[in-house]
Amino acid sequence: MSEIEDPDDRDISITAPKTWATGAPAVAHALQYSLGQTSVRRTTLTLLNINQAKGFDCPGCAWPEPGHRHRNEYCENGAKHINDEATSRRVTSDFFRRHPISELDQKSDYWLNQQGRLTEPMVKRPGSDYYEPTSWDEALRLLAEELNRLDSPDEALFYTSGRVSNEAAFLLQLFARAFGTNNLPDCSNMCHESSGAALNETLGIGKGSVSLQDIYEADLIFVVGQNPGTNHPRMLSALEETKRNGGRIVAVNPLPEAGLLRFKHPQKARGVIGRGTAIADQFLQIRPGGDLALFQALNLLLLQSEDERPGTVLDHAFIETHTTGFADFAEHARKVTWPDILAATGLSREQIEQVHQQVLQSKKIIVCWAMGLTQHKHGVPTIREVVNFLLLRGNIGRPGAGVCPVRGHSNVQGDRTMGIWEKMPQSFLDALEQEFGFTPPARHGLDSVDAIRAMRDGSAKVFLGMAGNFVRASPDSAVTEEAMRRCRLTAHVSTKLNRSHTVCGETALILPTLGRSDRDVQAGREQFITVEDSMSEVHASRGRLAPASPHLLSEVAIISRLARRTLGDRPSIPWEDFETDYGTIRDRIARVVPGFNDFSTRVTRPDGFRLPNPVNEKRFLTPSGKAVFTYNAFEMLQAPTGHLILQTLRSHDQWNTIPYAMNDRYRGIRNARRVVLVNPDDLEALGIADRCEVDLVGVWRDGVERRAPGFRVVSYPTTPGSAAAYYPETNVLVPLDSVADVSNTPTSKSVVIRLEPVRKGADAWAG
């Protein structure tokens with residue numbers, strides 16, 4: 001099969017943004033991409049098994065399956081993602097003989113992904129510019145020897161992406177802690193860490209509290225800082241059900257997103273031949289970072305309404321019985337001023353008061369959010385203020401109400417539950433010690449940002465990545481790449497080629513693994529894995545396809561074999577049993593992780609089981625035993641004159657760092673990714689013409705110029721004073737040290753930039 005060409009953007013096409021999402025075009029695009037990757041038979045097999053009770057869980061997002069699931073329980077992007085993994089294209093040792101690493105490093109993310117599935121272990125030896133084939137024994141021996149020659153276990157980093165199963169995640173953290181370190185950075189550090197930090201502090205658990213049934217029953221749902229139409233499209237089906245049950249939806253976002261305007265359900269007649277369903281009853285086009293001020297305004301209005309009608313607005317019984325800190329919160333909340341609120345949000349007072357009236361008319365309220373809230377310096381205070389808002393009227397711990405952070409990875413929440421966290425509580429470490437007979441290290445490890453700093457500074461020397469694309473997902477691209485290249489050894493457990501394989505340590509390993517859709521047979525017996533979705537539902541996932549190569553190992557097998565070679569028999573952990581029978585892993589999880597009692601039996605049910613959430617029993621695992629009202633300082637993002645606030649985002653044809661095409665259908669952009677969306681009034685004020693070519697220049701306090709060159713300006717209805725562009729191309733602009741308070745999450749939604757035109761003769765401004 002001939003290699004895919006690297007596309008260019010010379011044929012860029014811009015049309016008006018769509019005002020609705022999904023419908024028949026989504027089905028057509030999903031099938032077109034899927035059939036371009038593999039055969040009709042394999043496409044049919046994947047689509048009939050994805051998200052089914054006896055099939056495999058879609059790796060595309062963490063949105064849960066409904067109890068009565070459709071035979072076609074997938075979305076456009078899920079279908080594209082699973083068939084991207086099931087592709088018939090293969091990357092063999094011959095491919096690596098033809099392409100030196102220095103050449104691959106110049107290729108686009110799209111090109112690298114399109115080459116196909118990895119088929120055998122590869123090694124880059126010191127001084128070489130080529131990967132060459134190696135055996136599993138040799139690859140794992142190299143990695144184990146490098147780990148064992150470190151001066152300290154804390155010189156090793158064990159990174160995890162949310163694609164990893166519960167079983168593999170549990171084994172990885174067990175191996176890392178038996179080795180002697182808590183250095184377990186993960187993808188959550190870069191996205192929803194702010195959610196976990198805020199919810200742990202205020203409610204005592206870092207997870208959402210709602211179920212799909214709660215979504216259906218809610219009177220009012222806020223969808224804040226997220227784009228369901230692209231990032232988790234099946235959420236639109238749930239929101240449609242909310243609307244049909246009489247609920248209302250408020251969308252809060254700097255960009256008008258098609259899926260939140262109108263949804264055409266592709267499996268319903270009204271979605272194919274009708275107008276579909278209008279989703280947002282009110283759209284608040286907010287300034288980036290203005291969500292904190294918005295919820296402070298709503299809380300002020302609730303307090304004032306209570307003053308006017310004592311005893312009728314706030315849930316005093318709930319506040320007095322189940323919360324602490326209300327008086328200090330209320331005193332602080334009354335000090336926020338309307339000029340500050342309007343400046344921070346870019347909204348009118350009338351818009352905010354209209355939302356307030358909807359709140360007063362609603363008994364059951366849910367707030368959903370994603371990275372539009374978490375990836376700001378004040379992301380944690382913003383989510384704490386969301387919790388304040390819900391606590392005021394008792395919208396925590398009852399049906400149809402609660403907090404709903406929407407995760408983007410299939411099992412990112414499950415990985416955290418399994419212990420993938422650099423600072424797991426002592427109770428978890430004690431349970432590991434009791435079960436496995438060794439004392440885990442108590443000292444907190446490194447998260448993703450601190451891991452990059454450690455590699456940069458030479459205090460971390462070995463990097464093992466389980467799935468994901470760490471180099472491209474991380475901030476400050478030049479710093480991250482230089483940090484990775486300083487390692488003695490980098491190893492990546494992967495299904496497909498990506499940029500992390502081209503940014504190498506002195507020695508580098510590619511360890512190819514089974515995909516979610518691949519059949520997993522160990523010691524002659526078919527295995528299954530488990531995952532946890534955004535709403536704490538745990539269920540089984542069984543691959544159905546023949547593996548892409550006979551040389552692939554499962555993630556569980558790779559970790560188990562590496563652990564045996566690295567640790568020997570210290571401590572006495574049955575790694576070989578874990579590799580051959582995943583049920584033995586689940587038995588140990590049941591004895592270590594709360595809520596997983598009788599794991600192996602309960603997970604065989606068609607819909608699995610839901611983990612208990614103490615919040616829904618009005619039990620709050622905080623020091624006081626109550627939910628905590630907090631007071632959060634007013635903060636407002638401001639850019640100097642002549643500058644804009646940039647948020648990074650995905651295109652519609654993209655999964656995480658990997659684009660499937662150069663298009664963004666809902667935003668009307670074709671054949672281009674290096675584009676920057678800017679409000680037309682801002683372009684006029686800056687004297688820059690639509691379609692002009694510019695460099696994006698990051699401005700931050702360290703005085704270092706961060707530049708993303710060669711972007712095409714697109715006039716677009718963004719919030720005035722803001723801009724938007726795709727990641728990972730713009731990660732270079734996110735400073736490593738620009739992070740959220742408390743959570744250390746990169747501030748990818750609040751990057752101050754200026755547009756610097758690329759002059760090309762007399763028509764520099766012509767576009």
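First, the ground rules. This is a predicted model, in which local features need pLDDT of at least 70 and side-chain atom pairs count only at pLDDT 80 or more, while totals for chains, interfaces and linings use all residues. Residues are numbered from 1 along each chain as its sequence is written, and side-chain values use heavy atoms, with hydrogens and water left out.

Now the overall fold. The protein chain has 31 helices and 33 strands; these are DSSP runs, H or I of at least four residues for helices and E of at least two for strands, numbered from the N terminus. Its C-alpha trace spans about 75 × 70 × 55 Å along the principal axes. For 767 residues, a compact globule would have a radius of gyration near 27 Å, and the 25 Å of the protein chain agrees with that. The radius is taken over C-alpha atoms, and the globule rule is 2.2 Å times the number of residues to the power 0.38.

How much of the protein chain is buried? Buried residues make up 65% of the 767, where buried means under 20% relative accessible area, exposed means over 50%, and partly exposed is in between, with a 1.4 Å probe and protein chains only. Of the contacts with a separation of 6 or more, 78% are between residues 24 or more positions apart; a contact means heavy atoms within 4.5 Å.

On charge, there are 87 positive and 93 negative side chains, and the centres of the two sets lie 4 Å apart. Lys and Arg count as positive, Asp and Glu as negative, and His and the chain ends are not counted. Each charge is placed at NZ of Lys, CZ of Arg, CG of Asp or CD of Glu.

Next, the sheet. Six strands form an open sheet with mixed pairing, in the order E6-E5-E18-E17-E16-E7. Its edge strands are E6 (132-133) and E7 (156-160), each pairing on one side only. Two strands pair if DSSP finds at least two bridges between them. Strand E16 (residues 462-466) and strand E17 (residues 489-494) run parallel, joined by five bridges, and Val 462 stands opposite Leu 489 in E17.

Ala 491 is buried, at a relative accessible area of 0%.

Last, the backbone. Most residues other than glycine have a negative phi, and most peptide bonds are trans. Here are some exceptions. The peptide bond from Arg 570 to Pro 571 is cis, with omega near -15°, and Pro 571 lies in the loop between helix H27 (555-567) and helix H28 (575-580). The bond from Tyr 727 to Pro 728 is cis as well, with omega near 10°; Pro 728 lies in the loop between strand E32 (722-726) and strand E33 (751-757).

As for positive phi, Asn 51 has a value near 65° and is buried, with a relative accessible area of 3%. Ala 523 has phi near 50°, but Ala 523 is exposed, at 63%, in the loop between strand E19 (521-522) and strand E20 (525-526).
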